[in-house]
Amino acid sequence: MANPRIHKAFLACAFVSAFAAAAASAQTGNRPPTPAQTEGPYFKAGSPERRSLRQAGVAGVPLRLAGKVVDLAGKPVPGARLEFWQADGEGRYDNSGFTLRGHQFADGEGRYLLDTVLPARYLNRASHIHVKVIVGGKPPLTTQLYFAGESGNESDPLVDARLTVVLTDGPEGKAGAFDFTLNF
Ligand SMILES: [Fe+2]
């Protein structure tokens, strides 16, 4: 999508539809912080900036994840950096390159939008996406997101209901919403 105007319009449209459907749950008031979880062994610094991690040849059901980054009062955190990394639809990480790895910055209203694929479980791990949310001068939030109804949830002790996304069937695959509440 070389034309920046079309690209901007696409993003705006994508945000509107994602958020209308997802009804992001951020509200003003006291909110519990999103629980932190282990980084795991597969994080790699230097991921490319991109909202879509989908690419030809990457296995997996398309997944669109959308939400906000907010503080404990529910106030949006514009510009927060979100790092995502995950296995593909066959449970494989790319540890030599940056497939299914990327970062993006929350927009002026704290919103993010990720187009990716639903990761498969591997070994004793349930399906999950790793996330870091980074805001300058604050301790980063490192955590993982899970998906309701996925096989493997019952046998993975790291699965946490507070980090579990309910998926719906979207036009291109699955869709879900999750808001990150930072501990400040
Ligand atoms: Fe993992």
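Visitor: In which loop does leucine 100 lie?

Guide: Leucine 100 lies in the loop between E2 and E3. Helices (H or I, at least four residues) and strands (E, at least two) are DSSP runs, numbered from the N terminus. This is a predicted model, in which local features need pLDDT of at least 70, side-chain atom pairs count only at pLDDT 80 or more, and totals for chains, interfaces and linings use all residues. Residues are numbered from 1 along each chain as its sequence is written.

Visitor: What is the phi of leucine 100?

Guide: Most residues other than glycine have a negative phi. Leucine 100 has a positive phi, near 60°. Leucine 123, in the loop between E4 and E5, also has a positive phi, near 45°.

Visitor: Are leucine 100 and leucine 123 buried or exposed?

Guide: A residue is buried if 20 or more other C-beta atoms lie within 10 Å of its own, exposed if 12 or fewer, and partly exposed in between, with C-beta atoms placed from the backbone. Leucine 100 counts as buried because it has 24 C-beta neighbours inside 10 Å. Leucine 123 has 7 C-beta neighbours inside 10 Å and so counts as exposed. Of the 184 residues in the protein chain, 32% are buried.

Visitor: How many helices and strands does the protein chain have?

Guide: The protein chain has 1 helix and 10 strands. Along the sequence, the pattern is α-β-β-β-β-β-β-β-β-β-β.

Visitor: In what order do the 5 strands of the open sheet stand?

Guide: Two strands pair if DSSP finds at least two bridges between them. The order is E3-E2-E5-E6-E7, with mixed pairing. Strand E3 (101–105) and strand E7 (164–165) each have a single partner strand, so one side of each is left without a neighbour in the sheet.

Visitor: Which pairings are antiparallel, and which is parallel?

Guide: Strand E2 (residues 81–86) pairs with E3 in the antiparallel sense over 5 bridges, and arginine 81 stands opposite phenylalanine 105 in E3. E5 and E6 also run antiparallel, joined by 6 bridges; here isoleucine 129 has leucine 145 in E6 as its bridge partner. The hairpin of E5 and E6 has 6 residues between the strands, and its glycine 137 takes a positive phi near 80°. E6 and E7 pair in the parallel sense over 2 bridges, and phenylalanine 147 has valine 165 in E7 as its bridge partner.

Visitor: Why is E6 largely enclosed?

Guide: 6 of the 7 residues of E6 are buried, so the rest of the structure largely encloses this strand.

Visitor: Which residues have the most contacts inside the largest nonpolar core?

Guide: A nonpolar core is a set of buried Ala, Val, Leu, Ile, Met, Phe, Trp, Tyr and Cys residues joined through C-beta atoms within 7 Å. The largest has 33 residues, and those with the most contacts inside it are Val69, Leu82, Phe84, Tyr112 and Val133. Elements giving two or more residues include strand E1 (62–70), strand E4 (111–117) and strand E9 (174–177). E1 gives the most, with 5 residues.

Visitor: What does phenylalanine 84 touch?

Guide: Two residues are in contact if their C-beta atoms, placed from the backbone, lie within 7 Å. Not counting residues up to four places away in sequence, phenylalanine 84 touches Leu53, Gly102, Leu114, Ile129, His130 and Val131.

Visitor: Where does pLDDT stay under 50?

Guide: pLDDT is the predictor's confidence in each residue, from 0 to 100. The protein chain averages 89, and 85% of the residues score at least 70. pLDDT stays under 50 over residues 19–26. Where pLDDT is low, the predicted coordinates should not be read in detail.
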